[in-house]
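Here are my notes on the model you sent over.

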Amino acid sequence: MRDLLKEMWNSLQQNKLRTALTGFSVAWGIFMLIVLLGAGNGLLNALMNNSGTLAHSMAIYPGYTSKPYGGFDKWREIKLDAQDVRNLEGKAFMENVDEVSPVVSHSDTLAYGMETFACELRGVTPIYKEIDKIQLIAGRFINALDIKEQRRCIVVARNDAEVLAGRRRRAEEMLGKEVAVGAFLFKVVGIYKSDESFGGTRIYAPFTTLRTLYAKGKDIEEIYFSFHGLDTEEQNQAFEKRYRTVVNVNHGAAPDDDRTVYIWNRLIQNMQMGKAERIIRTALWILGLLTLLSGIVGVSNIMLITVKERTHEFGIRKAIGARPRSLMGLVVLESVAITAFFGYIGMFFGLVANEIMNATIAGNPVDMGVTQITMFVNPTVGLDVAVQATLTLIVAGTLAGLIPAWKAAKVKPIEALRAE
Amino acid sequence: MIQLRDINKTYNNGQPLHVLKGVNLDIDRGEFVSIMGASGSGKSTLLNILGILDSYDTGEYWLDGTLVRDLSENQAAALRNRMIGFIFQSYNLIGFKTAVENVELPLFYQGVSRKKRNLMAMEYLDRLGLRDWAGHYPNEMSGGQKQRVAIARALVTRPQLILADEPTGALDSRTSVEIMDLLGELNREEKMTIIVVTHESGVANATDKIIHIRDGVIGSIDENTAHRSSPFSAATLIK
């Protein structure tokens, strides 16, 4: 092995410029591969972040009947009610459903000091925070005691809190303050980070408080719940179908009517996004590998020239008993060494470039007017990619060396020795 | 040691060229033989066939009891490595390797360990008076020294057959004599079979038997144990 390395070193030493130029193309190829994968990760991470909901959760929104049934015409509006929530919490779905948050909402005017603005109050239960991944930056979310005692407390968005607090005051100063919502006073108990993706302003309050204050009775507007044990698309569809039937029966609609409620299944959505993610990643790998290919062709070319130049030497080696395989090994090893060495340089700079991206443009939200979207989150590659890239380099180097090596093995000693 | 039976060889480079036209030759173990002939007489081709560097079209070549025919590259390589030591006119040392590394190379292909390899190579360099030159590269040595390194490389595997192709072709007359004396010594002391291809009668005269090859066939075989057929002289060595 040491002899092989020494011979390789000798040969590389003789053609420094040529080796360096070829090496550059390999380095560039792997650099592009790493940067592409890093940028792709950044985009995908951002995509995942923006869809900030609990994967194992569903949201149910009311719809309209699409079939005449039980004496009613079609297009009858369905309104969710407390029975639908009880059904979901009941025996039939106990196996899968974890926690349910019914939602009631109420639009009103919010006022504090000199500031007033229109807002949407949403009455929710504590699990809602998990399901919609609400990130608190101060205070707390609605808790079980709020629900039980029907406390008048709210959780507001940071930008709303900033407006309410007034000029040159921080959002956190609103914590504990009483604000007027329509005719009632509510205490601000928490401030959450808003991505403004809803455009309007959402303010969260205990479900029971809103139901009582605004006399909602048994009406429910939306139902959110978390679940477990539904792993395949088929299981999810079966579950949805079962629940639809229960709702339809409750509201006197045709049992097989699938338009009465909309079910937004986040798990299915995640599965589809996962599929999209895999496609994007594959596409990036292919692009990167194609870039790398030009480098590989370069290495192959250089090795061909090297073999040509060393024909005489290979002839001598053969005359004194070198097997074709050992000559092939020499060439392939040299090829792998060039590819691996410069590949690692490229990989290093690729990782550095990713870190620079991470430190500069990553995490900055892009303002799209009505909403803000973070385009780039953590655009780096993991250890797995580094390992895969290493394997790619070794395979690529071997491939690059194969044809030249074959040529070296085929050197005819007499012709080679004649070639002075 | 060597039996050639009706060896034919034709080169097909455009115009077919019938180089060896039925060569029959026997060389016994321990002989010191030269093959002489003019340019194009087929002597180098014959040597290449003897050294398993080239193939022949028809006939039989028996080397130490084995028929050398249709060998795979690996078999040929192993046979060359084990049985035959080559000495070339242009030395054919590898330029980026030191003398001792060059001598080690055949042992490397035999899979001998690094330490043992070095020991054996040094032993042979020492025998050829090149111990102090072991660490030098070929371009730092004189022609005679280079040829002696090449001889050490040919000897290091203790082959039974030494094939020398114009071993003195690039050397001055004095060094030529030295080299031929060295080969003679090896033949006498180690009982090695040595075949020298040359077109110089002076070189041929140093051997015990002179085989003349003319137009692809063996012409005459002269016993030359007295070494008086055509001694080295200024006349024969001026090139």
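This is a predicted model: local features need pLDDT of at least 70, side-chain atom pairs count only at pLDDT 80 or more; totals for chains, interfaces and linings use all residues.

1. Zooming out, S4 and S5 sit in an open sheet of four strands in chain B, ordered S2-S1-S4-S5, with antiparallel pairing. Strand S2 (15-27) and strand S5 (66-67) of chain B are at the edges with a single partner strand each, so one side of each has no neighbour in the sheet.

2. There is a helix to look at here too. Helix H1 (residues 43-50) of chain B lies across strand S1 (2-13), S2 and S4 of chain B. Relative to S1(B), H1(B) runs at about 115°.

3. The other sheet to check is also open: six strands of chain B in the order S6-S7-S8-S3-S9-S10, with mixed pairing. Its edge strands are strand S6 (84-87) and strand S10 (217-223) of chain B, each pairing on one side only. On average, neighbouring strands of this sheet are turned by 20° against each other, direction ignored.

4. At the S10 end, strand S9 (residues 209-214) of chain B pairs with S10(B) in the antiparallel sense, over five bridges. Within that pairing, Ile213(B) stands opposite Ile218(B) of S10(B).

5. Helix H5 (residues 143-155) of chain B packs on it and touches S6 and strand S7 (161-165) of chain B, with its direction at about 170° to that of S6(B). Helix H6 (residues 173-190) of chain B packs on the sheet as well, touching strand S3 (32-36), S6 and strand S8 (193-198) of chain B; the direction of H6(B) makes about 155° with that of S8(B).

6. Now the interface. In chain B, 25 residues are in contact with 27 residues of chain A. The two chains bury about 2300 Å² between them, with 54% of it on carbon and sulfur atoms.

7. Which residues form a salt bridge, with the closest N and O atoms 3.0 Å apart? They are Lys318(A) and Glu73(B), and the rule finds one salt bridge across this interface. It also finds five residue pairs in polar contact there.

8. As for what chain B brings: helix H2 (73-83), helix H3 (99-110) and helix H4 (114-127) of chain B each supply at least two residues to the side that touches chain A. H2(B) gives the most, with six residues. By type, the residues on that side divide into twelve nonpolar, eight charged and five polar.

How values were computed: Residues are numbered from 1 along each chain as its sequence is written. Chains are lettered from A and ligands numbered from 1 in the order in which they are written. Side-chain values use heavy atoms; hydrogens and water are left out. Contact means heavy atoms within 4.5 Å. Buried area is the accessible area (1.4 Å probe) that two parts lose on being put together, summed over both. A salt bridge is a side-chain nitrogen of Lys or Arg within 4 Å of a carboxyl oxygen of Asp or Glu. A polar contact is a pair of N or O atoms within 3.5 Å; within protein, one must be able to donate a hydrogen and the other to accept it, and residues adjacent in sequence count only if both atoms are side-chain atoms. Ala, Val, Leu, Ile, Met, Phe, Trp, Tyr, Cys and Pro count as nonpolar, Asp, Glu, Lys and Arg as charged, and the others, Gly among them, as polar. Two strands pair if DSSP finds at least two bridges between them. Axes are lines fitted to C-alpha atoms, for helices over the stretch in contact, and angles run from 0 to 180 degrees between N-to-C directions.
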